Amino acid sequence: MRSALEQLFLPAECLLCHALLFERDTTRVVCPVCRHRWRPVRPPWCERCGQPEPHFGPCRLCAEWPAALTLVRSAVWLSDWAREAVHALKYGGLPRIADDLATAIAGVSLAIDEASVLVPIPLAPKRLRQRGYNQSDVLAASLGRLWHLPVSRDLLTRTRETATQTALTPETRLANVAGAFTPGHGPGVNSPVTSLVLVDDVFTTGATLAEAARALEQAGARTIYGVTFGRAVIPDFT
């Protein structure tokens, strides 16, 4: 009754298309139609980094990744509808949309088990103060509820501010995040933990995930996966 009254007097609408949400979707931010517009990333792809084929020879995108970063997958392509959802999470002060994004991520296939741990990509303190929350953190929390996995915010620390990656080339992205992470002071990265799963909002070249994985590998992690909601198209690698 209360839910029906709230829908009647304060109707919820989809963030993306502004259509009214049905009662069963009032806890969401994005309607089923708009979620259906998100284009899933599907094979054929590089078995390690998920970059679409064709590849002429070995995949150049993940060739220099640390050995522990075994597999990275993204849920959907960063087209207009998905990009707007990411912007709402990242810049629009709408952390609740993480539940919709995490539902899409939950469909990717990883060899995880009950001893796996989710690790959000940390923000630098200044940017965290400006934004009020870490979008990767709230995304990992939502995903953890769906996968029934714990989230560790102590295993990885960002050591310095970095320029936003949005306008950088693949080469400058690597330089921008080099040395930006260090292992944190939380529980160890080994047994009984079987794998660590890095969580971020968008995959472009994988530079951020690779650098974060490098820090965890130095701390002893041997199996690291990465998941993101969106994947940007990189013309040089398609």
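The following legends accompany close-up views of a predicted model of a single protein chain.

View 1. Eight helices and six strands make up the secondary structure of the chain. Read from the N terminus, these elements follow the order α-α-β-α-α-β-α-α-β-α-β-β-α-β.

**View 2. Burial, surface and contacts of the chain.** The chain has 238 residues, and 48% of them are buried. Its accessible surface amounts to about 12000 Å², and carbon and sulfur atoms account for 57% of that area. Of the contacts between residues at least 6 apart in sequence, 73% link residues at least 24 apart.

**View 3. Packing geometry of helices α4 and α6.** Helix α4 spans residues 98-105, and helix α6 spans residues 135-147. The two helices pack with their axes 8 Å apart, at an angle of about 55°.

**View 4. Residues at the contact of α4 with α6.** On the α4 side, the contact is formed by Ala98, Asp99, Leu101, Ala102, Thr103 and Ile105. Their partners in α6 are Val138, Leu139, Ser142, Leu143, Arg145, Leu146 and Trp147. By residue class, this contact comprises nine nonpolar, two polar and two charged residues. Asp99 in α4 and Arg145 in α6 belong to the charged class, whereas Thr103 in α4 and Ser142 in α6 count as polar.

Definitions and conventions. Residues are numbered from 1 along each chain as its sequence is written. This is a predicted model: local features need pLDDT of at least 70, side-chain atom pairs count only at pLDDT 80 or more; totals for chains, interfaces and linings use all residues. Side-chain values use heavy atoms; hydrogens and water are left out. Helices (H or I, at least four residues) and strands (E, at least two) are DSSP runs, numbered from the N terminus. Buried means under 20% relative accessible area, exposed over 50%, partly exposed in between (1.4 Å probe, protein chains only). Contact means heavy atoms within 4.5 Å. Accessible areas come from the Shrake-Rupley method with a 1.4 Å probe; for residues, only the protein chains shown count as cover. Axes are lines fitted to C-alpha atoms, for helices over the stretch in contact, and angles run from 0 to 180 degrees between N-to-C directions.
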